[in-house]
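Here are a few friendly notes to read alongside the model. They cover a surface patch and some charged pairs.

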Amino acid sequence: MDFSLTEEQRLLKESVDRLIADKYTFDERMKIAGSADGYSEQMWTTFAELGLLAVPFPEELGGLGGGGVDLMIVMEAFGRGLVVEPYLATVVLGGGLVEALGSEEQKAEILEAVIGGARKLAFAHGEPDSRFELAQVRTTATKSGDGWVLDGRKSVVLNGAQADDLIVSARVSGDLTDEDGIALFLVPKDTEGLTLRGSPSIDGGQAAEVELTGVRLGAGAELGAPGQAYPAIEQVTARGIAALCAEAVGAIEATNDITLDYLKTRKQFGKPIGSFQALQHRMVDMRVALEEARSMSVLAAAKLRADRAERERSVSAAKSLIGRAARHVAEESIQMHGGIAMTWEYSVGHYCKRLVMIDHQLGDVDHHEERFVRFVDGT
Amino acid sequence: MDLNYTPEERAFRDEVRAFLAEKLPKDVASKEKNDKRLTKDDHLRWMGALSERGWLGVNWPVEYGGPGWDPVQRHIFDEECTAAGGPRILSFGVFMVAHVIMKFGNQAQKDHYLPRILDLTDWWCQGYSEPGAGSDLASLKTSAVRDGDHYVVNGQKTWTTLGQHANKIFCLVRTDPKAPKPQQGISFLLIDMDTPGITVRPIILLDGEHEVNEVFFDNVRVPLENRVGEENEGWTYAKYLLTHERTNIAGVGLSKEAMRHLKVISGDQVKGGRPLIEDPVFRAKMARVEIDLMALEMTQMRVLAAAQEGAAPGAESSILKIRGTQIRQAITDLSRRALGPHALPFQSDALDEGFNGETLGPDYANPVAANYFNIRKQSIYGGSNEIQKNIIAKMNLGL
Ligand SMILES: Cc1cc2nc3c(=O)[nH]c(=O)nc-3n(C[C@H](O)[C@H](O)[C@H](O)COP(=O)(O)OP(=O)(O)OC[C@H]3O[C@@H](n4cnc5c(N)ncnc54)[C@H](O)[C@@H]3O)c2cc1C
């Protein structure tokens, strides 16, 4: 076993860590999250210039050919900075699906634009009642001449309003929860029949609800063979889960650092509050939670190229453990700070909101515990 | 032992219900049930209805205009009000400063202030905490120096809940900086918020709410007659407030209401094609909290019964505070989780009446996560849960 980083990974880490420390200060982050767009176009350009948008894509498509560990390096830094730019939506999920399913032309055209920072994507998959079930798709795609007609509703589409194109899942055959029969389509946001409503989310991010009413798509809008998209959806979602796990680790680490510092400096009863054993042991538990979370984040990153059962078991295990760890750290860090952590002005509350909300994306603790059991049993 | 309500108690409950059906403003109840933002006027209309009926001074003796209820009646009243969507009665006037004035104030103070609390002339806020004096309240620094028949007050209070609406603040101030112990040398002052030299600045909470404030005092002149009790004895009065049996400290009624709301959410949310409330894993989590809530309610009833028999309130109120806040937090946690992905979108302006946009997801979804974060405050204020445990360890267990 070897847990060390390659030379290239060390360089990537140095560069993204420095970017976040220097340019993505807490004040800057609050400005960006509160802006009308909900992200910074200038920051996005900087990400492109540093090659961050190229990290997971193969070299022959202009990417850096990075794997799970490279993605982990980027997302951990983003977690520490509470980055709100649509990296998960565009690069990990959207770009990942194009890479997995796109034709040569689609890959060349779209990924070049993604890597260059010119085009943003969002994955419109979840529906009002699907909760976290990946195979549950009610939206329909009906053949019409050469093309397709889409009808349905997608909810809580991460960064939907910030995207140029949506990758929409729809059912071409089968029952509501069948893995077979799901297709993906590239839908430019201004397509007729598509209405989108964006909303901020509680953690500083952005989400959207999408309605598709008789949306007509020409030939060539399909991403991959219609009806066969599920394996790619699952695989790319696994990558997204690993990314969220790494983001959580970065945010936990930052939250722990700030809390520890506060315990050493805040004085009550004439001593630092960190001298009270009632708080010391809990700070220790937070440290333990960080180590466990990091271990599972590494595991998830390393297993992204494993076979299906091993990959899915690992990412589900990681996501459920990290969901617990993140909530634990969030609640404890607020409590041990006292009133100050309840305020908008202080950073810890914002870390906590993100930490807790990560559990609401791509499957929560309960979902992944159940799923873990399924993949361990091999059912 | 008989755990059932007596016929008289049942009749009382019907009376409360009839009152609420008629007098609790419907729009206020609807806001409260849907976690919408309440305005100052909303609070005033609700408390005004109680006041008119003579029910605002819930735990006041009859001689001061209270209804003279026993603890069981108060419990019934609390439960019925919250079930109907009545907001919590703001505690600073009715449940806090009023009791200090009744116990330690002089006749002129009683005659002046108590009726103004009951008829809602005054909106009180609490000026205890300071930036450097939170859990260690006795280390407070805001000073009051005598100058003729006035005190001159300088310093800063913080976390002042709803201070933006208040016209009065009760403050702990340091009148003897040389006293040998920090608990000595503190006095209890009643101050008009419109006295020159007072500045109120908002503190925005992590969910975007303007609930608390900083209050600055710059050479604020307060008449000596606004001091309650003796000079330098304020700590005794402050402690009396903390240990005085506080109606509602466990928040049983509000937690029951939150539990009902959780059942609505989990009954509507779908998991694997079935209502989430039917999911065995989630249902077990709900059951556990509901059982904890039953234990809390029974504990509260036992404490109330003991108080009725004349037992001095001790560490029991700390137990009720700890468990009450933990249980409420557990319910808000489950409500958030019940929503799955729909917990994410949040539009703060949708909490205001007159919002004519649309939020994402089901109607009930928007405030749920924000509420979960907001309720974290409960285990921090009013003596944090750590401080409550220190009290129990010391007072009950002799550790
Ligand atoms: C929303 C909100 C509303 C409030 N409203 C009011 C109000 O209207 N009026 C008012 O006067 N105050 C109000 N407060 C202030 C509140 O009472 C204080 O926040 C509380 O007393 C804790 O003080 P602190 O925030 O300074 O935390 P600190 O005292 O600094 O405590 C930080 C942490 O250390 C722990 N700690 C401290 N001492 C010990 C110890 N000896 N052993 C173990 N652990 C310890 C605490 O439990 C906490 O976890 C409000 C606070 C909030 C958040």
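1. Phe372(A), Val373(A) and Val376(A) make up a nonpolar surface patch with about 230 Å² of accessible area together. Patches take residues with over 30% relative accessible area and no salt bridge, joining nonpolar side chains (Val, Leu, Ile, Met, Phe, Trp, Tyr) within 5 Å and like charges within 9 Å; areas are Shrake-Rupley values with a 1.4 Å probe, and for residues only the protein chains shown count as cover. Phe372(A) sits in helix 11 (residues 365–377) of chain A.

2. Please keep in mind that this is a predicted model, where local features need pLDDT of at least 70 and side-chain atom pairs pLDDT 80 or more, while totals for chains, interfaces and linings use all residues. Residues are numbered from 1 along each chain as its sequence is written, chains are lettered from A and ligands numbered from 1 in the order written, and side-chain values use heavy atoms, without hydrogens or water.

3. Over all chains there are 60 salt bridges (a Lys or Arg side-chain nitrogen within 4 Å of an Asp or Glu carboxyl oxygen). One network of them links Lys13(A), Asp17(A), Glu76(A), Arg80(A), Glu253(A) and Arg294(A).

4. Asp165(A) forms a salt bridge with Arg119(A), with the closest N and O atoms 2.6 Å apart. The partners are 46 residues apart. Asp165(A) is buried at 6% relative accessible area, and Arg119(A) is buried at 19% (buried is under 20%, exposed over 50%, partly exposed in between; 1.4 Å probe, protein chains only).

5. In chain B, Asp42(B) forms a salt bridge with Lys31(B), at 2.5 Å between the closest N and O atoms.

Note on methods
Helices (H or I, at least four residues) and strands (E, at least two) are DSSP runs, numbered from the N terminus.
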